[in-house]
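Subject: Structure handover and notes

Dear colleague,

I am passing on the structure we discussed, with the notes I made while going through it. Please read them with the coordinates open beside you.

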Amino acid sequence: MRLPFLICGVALLDQATKAWIQAVFVHGEKRVVITGFFNLHHIRNTGAAWGMLSGWRALLIAFSIAMLLLLIRRRHELFYRFRGGRLAAGLLAGGIVGNLIDRLRLGFVVDFLDFYRGDWHFPAFNVADSAICIGIGLYLAGQYLAGRKPESGTASHEARP
């Protein structure tokens, strides 16, 4: 799959799900989907992950743009050397674009996926956040697996004494 299509697909899915939440839920509304485990909860996040840097909109926009430019400019070096690298790059960039659109258009990011167990709640998140996390996971796994392969022309095991 071509990288621009993947980026657009992730960003469009993210924006479509956020538009649906905003159309169907009022801000702050919560609906139980799976009792004791999962809610849909319309939340406005003015910060980054877990609400960090709340109120630092300009910094978060600048950081998002810088990361997006870095990913695009260095994609061959960072991502294309291992299997799944293009998918990782597309998920990361698409997620960044999805949340960046919210920050520029709304001044906050719409979150709505709310997982919990008892008193423990994972911070609410969205499709873009999921894409970013999966992209990072694929990147780290790809780097780890690529580092384990012997380089061509070298022995696959150490010489024995």
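Leaving aside its neighbours within four places in sequence, which residues is aspartate 102 in contact with? This is a predicted model, and in it aspartate 102 is in contact with Gln15, Lys18, Gly107, Phe108, Val109 and Val110 once those neighbours are set aside. Aspartate 102 belongs to helix H4, and its relative accessible area is 1%, which is under the 20% limit, so it counts as buried.

Asparagine 126 deserves a look next. It is found in the loop that runs between strand S4 (120–121) and helix H5 (127–148), and with a relative accessible area of 0% this residue is buried. Its side chain makes two listed approaches to other parts of the chain: there is a polar contact with the side chain of asparagine 99 at 3.2 Å, and the backbone nitrogen of alanine 128 is reached at 2.9 Å. Not counting residues up to four places away in sequence, asparagine 126 touches Asp14, Lys18, Asn99, Val109, Val110, Asp111, Phe112 and Leu113. Lys18, Val109 and Val110 are also among the contacts of aspartate 102.

As for the sheet, 4 strands form an open arrangement in the order S1-S2-S3-S4, with antiparallel pairing. S1 and S4 stand at the edges and each has a single partner strand, so one side of each is left without a neighbour in the sheet. Strand S2 (residues 38–45) is largely enclosed by the rest of the structure, because 6 of its 8 residues are buried. Strand S1 (residues 30–34) is joined to S2 by 4 bridges and runs antiparallel to it, and isoleucine 34 has phenylalanine 38 as its bridge partner in S2. The hairpin of S1 and S2 has 3 residues between the strands, and there glycine 36 takes a positive phi near 80 degrees. S2 is joined to strand S3 (residues 109–117) by 6 bridges, again in an antiparallel manner; the bridge partner of arginine 44 in S3 is valine 110, while isoleucine 43 stands opposite aspartate 111 in S3.

Of the 32 residues that line it, the closest to its centre are Ala48, Ala49, Asn99, Asp129 and Ile132, and Asn99 is the residue whose side chain makes the polar contact with asparagine 126. Helix H2 (57–73), H3, H4, S3 and H5 each supply at least two residues of the lining, which by class comprises 23 nonpolar, 6 polar and 3 charged residues.

Finally, there is phenylalanine 82, which is found in the loop between helix H3 (75–79) and helix H4 (85–105). Its relative accessibility is 9%, and therefore it counts as buried. Neighbours within four places in sequence aside, phenylalanine 82 is in contact with Leu138, Tyr139, Gly142, Gln143 and Ala146. By contrast, the C-alpha atoms of phenylalanine 82 and leucine 60, which are 22 residues apart along the chain, are separated by 29 Å.

With best wishes

Key
Residues numbered from 1 in each chain as written. Predicted model: local features only at pLDDT ≥ 70, side-chain atom pairs only at ≥ 80, totals over all residues. Heavy atoms only, no water. Buried < 20%, exposed > 50% of the residue type's maximum accessible area, 1.4 Å probe, protein only. Contact = heavy atoms within 4.5 Å. Polar contact = N/O pair within 3.5 Å; in protein donor to acceptor, adjacent residues only side chain to side chain. Pairing = 2+ DSSP bridges. 1 Å grid on protein atoms, 1.4 Å probe; cavity = no way out; pocket = protein on both sides within 12 Å on 5 of 7 lines; lining within 4 Å. Nonpolar A, V, L, I, M, F, W, Y, C, P; charged D, E, K, R; others polar.
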